[in-house]
Amino acid sequence: MKGGTLKLSPATTPLPFDVLVTASYLGTPIVFDPDTSQPVLEVDGTAISDPADIINNLTSKLLPTNPSNNVQHTSFISLAKSLATASSYADVVAALDSLDDHLLLRSFLVGYSITAADFSVWGALKGNVQALGILKRNGHIHISRWYSFIESIPSTQSALNSLAEARANKARSTKVAASFSLGLPNAVEGKVVTRFPPEPSGYLHIGHTKAAILNQYFAAMYKGRMLIRFDDTNPSKEKTEFEDTILQDLELLDIRGDAVSHTSDHFDALHRYAVEIIKSGNAYADDTLQLQMREERMNGIASKRRDTSVEENLKRFEEMATGSEEGAKWCIRAKISVDNPNKAMRDPVIYRVNTTPHHRTGDKWKIYPTYDFACPIVDSIEGVTHALRTNEYRDRNPQYQWMLEALKLRKVDIWDFSRVNFVYTLLSKRKLTMFVDKEVVHGWDDPRFPTVRGIRRRGMTIEALKQYMLSQGPSQAVLLLEWDGIWATNKKIIDPIAPRFTALAKENLVTVHINGQPGVTTQSVPRHKKNPDVGTKTTVYSPVIYIEQEDASSFEDNEEITLMDWGNAIVKSKQVSDSGQIASMTMDLYLEGDFKKTKKKITWLAESSSANPLVNVTLLDYDYLITKKKLEEEDDVFNFVTPVSEFKSEALADANVITLSKGDIIQFERKGYYIVDAVKPDKTLDLIRIPDGKMASLASKVAGSTPVEPVQAIPKAKSSKKGPANELAPRKEGFVDPDGNRIMLSEGKSGFEIPVTTKMYDVKRVFGETEVQAAAETKMYSVKSVYDR
């Protein structure tokens, strides 16, 4: 139906599935509009809103090819209408029984091709929860066959996937809107200006992404502007390289500022404001040693220089500007308070000497403002209306406002939010730089790193990052987050679109001879069974296939198993190598078997050939870089480095992967999701495993985060009772044997040795070391312990 468009709300209840799938089958564009109260079909400039008229218009394009079937077709359309609203169990069962009988020898409801009747009845069943529940009991096998066929049609799949995505988008937008329903204080639509002020001293990490995403979100929400400003006030740490990479990382996040500036653009203005604040008596020069100054501020003691004259302070500031040895002894402090309960208000430093050449201004300046002085001033003069800051700066918010008031500058509203912290994760730029410098990692884009480049390289999508960060809302709680949430969000995004392939571990690969497969055949199958838009791939069937050793070792003789995407087979014989591994097997193809009845469904690959060569791939997986969930300030990070955090395994993949490019995300059946990290000249691939949000895939691979101290074995205790010569002697407590195996004892601190393989670390008993005897009245008679001798 050319020129027509169907508008439909994904929240419509009940949803007209018949209209949706019929329109999709006919190629009618479908627009999911949350603001549409009912379905609307626009045809040639005319809007049709009555549901009956819409279905009549659509079904007129799908009438039976034989006019003699029109009466039957009309009756099924009527049946669909009654089924859609049927609530009586007896009525629904009667209708299904009749329909099942009709479909006994038929593929379609009317005639020999699909008609509107098929879509109408299918849509009525899809929307009737009671009918679907009855069908799940498998009592109407002919309806189930027909229903599955209609649902498997590519146009139906496409419509249902689009609906699911539209519902998910609506849920996400509703959740985000609710999270930020309070909005920004004093915000005026069209006039809001936010800013993201990264320091160009490292790469953006996941902690920065929340700030960047929130700034962009609110700017868009109020139809305002977002600025990107580099806070380049410390030439000792900053490089042009980091500025370039930060902008590139923001591009990766699909974040673009309306303007890019630098705090260094305002060094002249900041110098003038420093002179002004000194002249007004609100700042003074101080040469107190750093440690003494820290102690005085902590104890509320005034500096001996606090009451120095304005003239003397200006003279000292001029000396500082020369970068001389004498000038380097001094700094400028804001004269706010000596003993304010908020220690951030106790005369903070606002200017200091640094003779390192600046990456933008060279050696023009020898003095630089602190962030606490520069930030509020530049925010005000650049037109920022709302400064978004993590709540670790909350104590400094009064200081921020004091600077503006002291200099009589325009007020800026502050909106703070909680910082993002993750377990087993370093977010300190200093520590991350140490890991790079000491080559603990391969670089700033290492997949183990929490940098934007690192997590993107590991398979994190932009959409997942945005959804997760916005879902945190305006919470003020400082949380130590597990990684499962963000990776689970990522899985929801990649799963519907990731093409499926097969890979087998190379180590001890097993050759299987298939009886009943006449030769090599191929078949085109969907890359994603539930999403036809992902495309197709070629599956090769051969008399000789490969399977993994782990699968082969689990098979029993004559066991019926399922070869995924092929059919069932029966294990006939196994050949074992000298090492005890399965070397080869023979199976009988049994395509008549029911895959629902087999316990083992395995992946496999046809023998490599020139037409369909298997591809060598390297699969990479990673552990956390550190073994402690949260490092404390006093911790030496290198005492907690994971000994081995990168794992490689070689595998063979099906020939279809040869079409992949770097950055493509796929799923290897039964292995997980992967992102292509490199395509080498010899056509081999490196792929990195993407965590799926399940705790098992995210658990530290180190055998216990806390090392277990071996307990010295206690000499064998003498027993008053005689026993066999080879009887195990009780011990007084658990211990670790010379081979490193954990040995537990049958009665806690005494008893027989029980070897235990575990990654659990020791914990103290909740009741202490004293045995707790629970008093209980019982008619049961007492029995001696089986361990008593």
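Among contacts (heavy atoms within 4.5 Å) between residues at least 6 apart in sequence, 69% join residues at least 24 apart. The model is a predicted one, with local features needing pLDDT of at least 70, side-chain atom pairs counting only at pLDDT 80 or more, and totals for chains, interfaces and linings using all residues. Residues are numbered from 1 along each chain as its sequence is written, and side-chain values use heavy atoms, with hydrogens and water left out.

The chain has 789 residues, and 47% of them count as buried (under 20% relative accessible area, with exposed meaning over 50% and partly exposed in between; 1.4 Å probe, protein chains only). Its secondary structure comes to 21 helices and 34 strands (DSSP runs numbered from the N terminus: H or I of at least four residues for helices, E of at least two for strands).

On to the rings: the structure holds 23 aromatic pairs (Phe, Tyr or Trp rings, the six-membered one for Trp, with centres within 6.5 Å; planes under 30 degrees apart are stacked, over 60 edge-to-face, the rest tilted). Phe267 and Tyr368 make an edge-to-face pair, since their ring centres are 5.5 Å apart and their planes stand at 70°. This pair links distant parts of the chain, as Phe267 belongs to helix α11 (residues 267-279) and Tyr368 to strand β11 (residues 367-369), 101 residues apart. Both Phe267 and Tyr368 are buried. Tyr371 and Tyr393 form a tilted pair, at 6.0 Å centre to centre with 40° between the planes. Tyr371 lies in helix α14 (residues 371-381) and Tyr393 in the loop between β12 (386-390) and α15 (397-406), so this pair ties together parts 22 residues apart in sequence. Tyr393 counts as partly exposed, at 25% relative accessibility.

Strand β11 turns up again in an open sheet of 4 strands, ordered β8-β9-β10-β11 with antiparallel pairing (two strands pair if DSSP finds at least two bridges between them). At the edges stand β8 (283-286) and β11, each with a single partner strand, so one side of each has no neighbour in the sheet. From one strand to the next, the twist averages 20° (axes are lines fitted to C-alpha atoms, for helices over the stretch in contact, and angles run from 0 to 180 degrees between N-to-C directions). Strand β10 (residues 349-353) and β11 run antiparallel and are joined by 3 bridges; Tyr351 has Pro369 in β11 as its bridge partner.
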